[in-house]
Amino acid sequence: MINIRKKAAALLTVLALCAFSSSLFAADCAEVREKYQCPIEKKKITLSFDDGVADVTPKVLDVLNREKIQGTFFVLGNKVNCSIYKNDCSTNPESQSCQSFQLCQQRVHTLKRIKNEGHMIGSHSYKHDRHSELPAQLLEYNIRKSRAILEPYFTTEPAIFRLPYGDGWFNQKTKPQVMAALERNNFKHIGWEMTAYDWNPDHQKGDKILDNVMTQMCAGKGRVGVILFHDGVFENEHVGRTYTADNLARWIPTMRCAADFVPLTYFKKDLRVK
Ligand SMILES: [Zn+2]
């Protein structure tokens, strides 16, 4: 009998700890709302992450899952195309090519995890080029190649796409060929309403990135919609945006003071989730 009581008490302790640790950080919302002059009514926002898959993406996923937030990941096709690496691991496991191949396989594993955990996945094209400056053939190649690599992981119909640098979306009137190519390939372009500027090393200190987001969300009438973050670094095949991954858990409770997190489809009603 005593044993059963002891076990029950231990179980209750574990359950209490689980409930307590669902969010590791807390925010004083009255203070937050005063600091950023947030409107009384909460905003609706969704988080998106560009330039992955990267080594820190699992850390971002851990945070999103703990906070029960559905994120949207715009993935570079060339980061998960492992056929571009020579697999000589059976004969030469110490080689650079073997290590690159294995890191690529890890990224594919993470991409599967993103999908399995219910997040949205879109294309960030095959390579991080300025698409409005590409010759027509290469523009078409990048878009098609990204579909060939990422097709099994797409989560919506039509599949979603975010152009690197927002290029061709910002300047649709002067560079109509870029959006025309996306339409031709049955992609829906997704931009952003707010940006964290987390790609910029000058902002990767203290809570500058959080301030960027909160200011856009709250100041004046404030904004709603998609927020642009980065989990990857486009020039680097494996390393990601460590500062964002390390601090996201701390920033979310502050964002929650002024906004509810919603899925991308809350804003994009024409997307059908597969
Ligand atoms: Zn990008």
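Axes are lines fitted to C-alpha atoms, for helices over the stretch in contact, and angles run from 0 to 180 degrees between N-to-C directions. Helices (H or I, at least four residues) and strands (E, at least two) are DSSP runs, numbered from the N terminus. The model is predicted: local features need pLDDT of at least 70, side-chain atom pairs count only at pLDDT 80 or more, and totals for chains, interfaces and linings use all residues. Residues are numbered from 1 along each chain as its sequence is written.

The mean pLDDT (the predictor's confidence in each residue, from 0 to 100) of the protein chain is 93. A value of 70 or more is reached by 92% of its residues.

Helix 7 (residues 208-218) and helix 8 (residues 242-258) have axes that come within 10 Å. These axes cross at roughly 25 degrees. Helix 7 and helix 8 are therefore roughly parallel to each other (angles under 35 degrees count as roughly parallel, over 145 as roughly antiparallel, 65 to 115 as roughly perpendicular and the rest as oblique).

Two cis peptide bonds are described next. One joins Gly 52 and Val 53, with omega about 15 degrees. Val 53 lies in the loop between strand 1 (43-52) and helix 3 (57-66). Another joins Glu 157 and Pro 158, with omega about -5 degrees. Pro 158 sits in the loop between strand 4 (156-157) and strand 5 (159-161).

Asn 186 is not a glycine, yet has a positive phi of about 60 degrees. Asn 186 is in the loop between helix 6 and strand 6 (187-189).
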